[in-house]
Amino acid sequence: MNVVEIIFSPTGGTWKVANMIGRHWGGNITQIDLSNAKTDFTKCKIKQEDMVLVAMPSFGGRAPAVAIERFRKIRGNQARCTIVCVYGNRAYEDTLVEMEDAAREAGFRVIAAVAAVAEHSIMPQYAANRPDAADEKQLAGFAARIASRDENAVSIPGNRPYKKSGGAGLVPKPTKDCVKCGVCAEKCPVQAIDSANFTADSKKCISCMRCVKLCSHDARKVNGAMVSIAAMAIKKACSVRKENELFL
């Protein structure tokens, strides 16, 4: 069985979760990186016999619009598909149903859905160091249950219409430590960073924090006061460890 992992993972947490599931299905693994703005996704080939895993983070209870847009360009050819949303221990709300709708529109057969927790990309004190060993064991169990499944999923949670999508809010800026290496501009999933002055266009930025994560000089930051306010706002919702969920 060939496994195709279609992943949008700006800071790596979603990739970790996807890998913990997909590697248990055996066969050759091909990865399609939805965060690569230079890829022509219409040319990505999916065969009907492939086992497909689609993984995206939840941004404020919704799937990232750019990830959904790129995913819709891939033809599913009725291949079996498991959708995975990854969130920072607050809530995933309508992310899974939005992914489900996009997958069905693209011609995939959605056989399962997973909501998994990973370290929050902006406030790492929430779900710190997750996915951890306990998550890995649980996700391996999910993978085993999904492996031979052929029925369509029927119990995926969420609302239609989806909740209103929020704005970027927190836009990283270069600090005095910036050496103008250009990695942030090159790797930005939405090409929001100017390659001359390395500032981000607030209208394009999706607050994915990839530029912050990738900067080897620790030279990109978000407003600390705004982060503190946001952290306090979700503290109660994030105070109890949430477990991964499987929907069939």
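## Nonpolar cores

In this predicted model, the largest nonpolar core comprises 48 residues. Ile6, Met56, Phe71, Ile74, Ile83 and Phe108 have the most contacts inside it. At least two core residues come from each of strand 1 (3–7), strand 3 (51–57), helix 2 (65–71), strand 4 (80–87), helix 3 (95–105), strand 5 (109–117) and helix 5 (183–187). Helix 3 gives the largest share, 5 residues.

Apart from this core lies another, of 22 residues, which includes Val17, Ala18, Ile111 and Ala118.

## Surroundings of Ile83

Leaving aside residues up to four places away in sequence, Ile83 touches Val54, Leu96, Met99, Glu100, Ala103, Val110, Ala112, Ala113, Val114 and Ile156. Ile83 is also one of the residues with the most contacts inside the largest core.

## Strand 1

Strand 1 is largely enclosed by the rest of the structure, because 5 of its 5 residues are buried. In a regular strand, side chains alternate between the two faces of the sheet. Here Val3, Glu5 and Ile7 point one way, while Val4 and Ile6 point the other way.

Strand 1 runs parallel to strand 2 (residues 29–33), joined to it by 5 bridges. Within this pairing, Ile7 has Asp33 as its bridge partner. Strand 1 also pairs with strand 3 in the parallel sense, over 5 bridges, and Glu5 stands opposite Leu53 of strand 3.

Helix 1 (residues 13–22) forms a right-handed β-α-β unit with strand 1 and strand 2.

Methods:
Residues are numbered from 1 along each chain as its sequence is written. This is a predicted model: local features need pLDDT of at least 70, side-chain atom pairs count only at pLDDT 80 or more; totals for chains, interfaces and linings use all residues. Side-chain values use heavy atoms; hydrogens and water are left out. A nonpolar core is a set of buried Ala, Val, Leu, Ile, Met, Phe, Trp, Tyr and Cys residues joined through side-chain atoms within 4.5 Å. Buried means under 20% relative accessible area, exposed over 50%, partly exposed in between (1.4 Å probe, protein chains only). Helices (H or I, at least four residues) and strands (E, at least two) are DSSP runs, numbered from the N terminus. Contact means heavy atoms within 4.5 Å. Two strands pair if DSSP finds at least two bridges between them. A crossover is right-handed if, with the strands pointing away from the viewer, the path from the first strand over the helix to the second runs clockwise.
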